[in-house]
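Look over the sequence and the model below. This report walks through strands, helices, the chain contact and the confidence scores.

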Amino acid sequence: MTTAAPLRAERPYDPADISSTEFWAGTAEDREKVFAELRANRPISWHRPVHNGMFEDPNDQGFWAVVRHADLVEVTRRPGDFLSGKGITFESLPLEVLDAAQGFIAMDPPRHTKIRRLMAAAFTPKQLARIDDHIVANARRIVDGIADKGRADFVTEVAALVPMHNICDMVGIPEEHRRTIAYESQFADGWRDPRLLQGAEPMARVFQTVTTIHAIAHELIDARRSKPENDLMTALVQAEVDGERLTDDDIASIFALLIIAGNDTTRQSTSHGMKALTDFPDQRAWLMEDLDGRLPVAIEEIIRWATPIMTFRRTAAHDTELGGHQITEGDKVIMFYSSANMDTEVFDHPEQLNLSRSPNKHVAFGGGGIHHCLGAQLARRQLNATFRELLTRLPDIHTVGEPELGNGNFFHTVMSMNVEFTPEAKASAEKR
Amino acid sequence: MKIIVDRTKCSSIGLCEATAPDIFEIGADGALQILLDDIPETRRVDLEQACENCPTQALSIEG
């Protein structure tokens with residue numbers, strides 16, 4: 001049975017705070033206390049708009065919070081009722097930014113279906129198996145870079161570099177643009193972080209990111225048109241949808257999505273994974289007993305633990321119902337992935353890292369809808385290659401102190417995190 | 001058994017391939033290919049799983 005729906009403007013706000021800047025600047029552990037209460041008592045709840053001092057939308061009256069695993073999966077599987085085309089973040093971003101940077105993730109069928117199909121071939125399990133040697137070589141060269149040092153900032157020297165090289169290899173981005181690309185991709189969510197902004201005005205900084213990424217995209221579009229290569233950029237300039245070539249702006253937007261989604265997700269999973277392996281030594285010991293055999297299962301738990309994307313938004317296409325609540329056309333519906341991945345209805349003791357967890361029905365890759373992560377297999381292979389390389393060559397690598405966390409509501413960001421280990425040269429000399 | 005693919009719905013998301021890579025494959029052109037014409041009864045559970053997992057309900061079993 002559903003209750004009569006109060007008008008959006010008159011709906012009372014839930015007392016739990018999941019909208020404030022302070023809530024998102026805290027730790028996942030603190031946020032989980034609030035989510036646990038919502039999951040138990042008010043699984044679908046209406047909240048005041050997120051407050052951040054930028055992208056304030058006077059028409060934004062709030063959002064529905066979807067916190068249970070089952071409800072989240074349902075929302076992802078009802079793309080006709082819950083649209084992506086109005087934006088996928090809490091904030092009502094300017095349309096120019098949506099169009100320029102969110103590619104097909106902020107599209108609905110039928111156009112989403114056609115663009116997605118174009119990209120699919122490059123990301124299948126079999127295609128990724130073909131480039132696995134490459135992924136392993138990238139992991140090796142990154143660990144080479146720190147192996148003799150004994151200490152490192154794990155984020156900038158390892159976690160950020162792994163996805164940067166791999167996604168750039170696939171898309172076809174030359175070495176000279178890679179650091180710029182990886183750095184700029186942080187502003188997709190980091191525009192609210194004074195540590196990243198360094199005095200810049202947030203809106204201006206986001207537009208600077210868009211301009212920078214698009215300039216590189218347009219340079220590559222021209223290059224591939226005159227000389228095709230075996231990469232995604234070439235596939236995009238040659239692609240036809242409904243008998244028409246994609247426009248340069250379409251390609252640049254897809255390009256922006258690929259590099260943001262490719263860089264900022266695996267980076268977080270790698271960092272949170274390293275922290276978890278430090279915090280749960282028993283689990284690490286279990287893993288090390290059979291690293292090759294156990295890593296694939298362990299990686300799934302590391303991904304659940306990290307939940308690199310914490311939220312995705314949908315917008316109600318029409319009046320509809322969800323979990324007994326009447327949802328009004330145009331309502332924002334936010335799915336909380338970090339909450340769903342801690343749902344005790346699905347996970348036994350979710351607050352404990354359990355590297356042998358199987359089955360592991362985490363929703364970190366989406367929840368089974370049409371926007372299911374295109375790069376899921378790429379992410380798995382990268383995490384596999386990176387942790388195998390790290391744990392084999394630097395077996396005592398561990399984090400030191402607490403990581404510095406981001407303050408966004410989209411990516412579960414680790415800004416920096418110190419690690420220490422016995423340098424490889426020293427360790428092998430001692431063995432001799 | 002046979003697998004029927006509704007080509008107007010299939011978006012090549014590849015969850016079927018993740019379930020049964022010897023039966024489903026997203027090809028080089030991005031289109032889903034069914035690798036086995038006649039699928040033995042022993043694989044029914046896998047096929048049902050693939051159909052249920054499909055985000056666009058593009059798959060069905062015949063026979």
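A:W64 stands opposite A:V333 in β10(A). That places us between two strands of this predicted model. Strand β2 (residues 63-66) of chain A and strand β10 (residues 332-336) of chain A run in the parallel sense and share four bridges. Strands here are DSSP runs (E, at least two residues), helices are DSSP runs too (H or I, at least four residues), and both are numbered from the N terminus. Two strands count as paired if DSSP finds at least two bridges between them.

Now widen the view. β2 and β10 belong to an open sheet of five strands in chain A, in the order β1-β2-β10-β7-β3, with mixed pairing. β1 (44-47) and β3 (82-83) of chain A have a single partner strand each, so one side of each lacks a neighbour in the sheet.

A second open sheet in chain A has three strands, ordered β4-β12-β11, and its pairing is antiparallel. Its edge strands are β4 (151-153) and β11 (398-405) of chain A, each pairing on one side only. Neighbouring strands of this sheet are turned by 10° against each other on average, direction ignored. β11(A) pairs with strand β12 (residues 414-420) of chain A over five bridges in the antiparallel sense. There, A:H398 stands opposite A:E420 in β12(A).

A note on the numbering and the model: residues count from 1 along each chain as its sequence is written, while chains are lettered from A and ligands numbered from 1 in the order in which they are written. As the model is predicted, local features need pLDDT of at least 70 and side-chain atom pairs count only at pLDDT 80 or more, but totals for chains, interfaces and linings use all residues.

Next come two helix pairs. Axes are lines fitted to C-alpha atoms, for helices over the stretch in contact, and angles run from 0 to 180 degrees between N-to-C directions.

| Helix pair | Angle | Axes |
|---|---|---|
| α7 (residues 132-146) and α9 (residues 161-171) of chain A | about 145° | 10 Å apart |
| α10 (residues 175-185) and α15 (residues 248-264) of chain A | roughly 80° | come within 9 Å |

How do α10(A) and α15(A) lie to each other? They are roughly perpendicular, a label for angles of 65 to 115 degrees. A:I181, A:A182 and A:S185 of α10(A) meet A:I259, A:I260, A:N263 and A:D264 of α15(A). Contact means that C-beta atoms, placed from the backbone, lie within 7 Å. By class, this contact has four nonpolar, two polar and one charged residue. Ala, Val, Leu, Ile, Met, Phe, Trp, Tyr, Cys and Pro count as nonpolar, Asp, Glu, Lys and Arg as charged, and the others, Gly among them, as polar.

In the other pair, A:H134, A:I135, A:N138, A:A139 and A:I142 of α7(A) meet A:L161, A:V162, A:H165, A:N166 and A:D169 of α9(A). Five of these residues are nonpolar, four polar and one charged.

Where do the chains touch? Chain A gives 14 residues to the contact and chain B gives 17 residues. On the side of chain A, α5 (111-120) and α6 (125-130) each supply at least two residues. α5(A) gives the most, with five residues. That side of chain A has five nonpolar, five polar and four charged residues.

Last, confidence. The predictor gives the complex an ipTM of 0.87 and a pTM of 0.94.

Conventions
Two residues are in contact if their C-beta atoms, placed from the backbone, lie within 7 Å. Angles under 35 degrees count as roughly parallel, over 145 as roughly antiparallel, 65 to 115 as roughly perpendicular and the rest as oblique.
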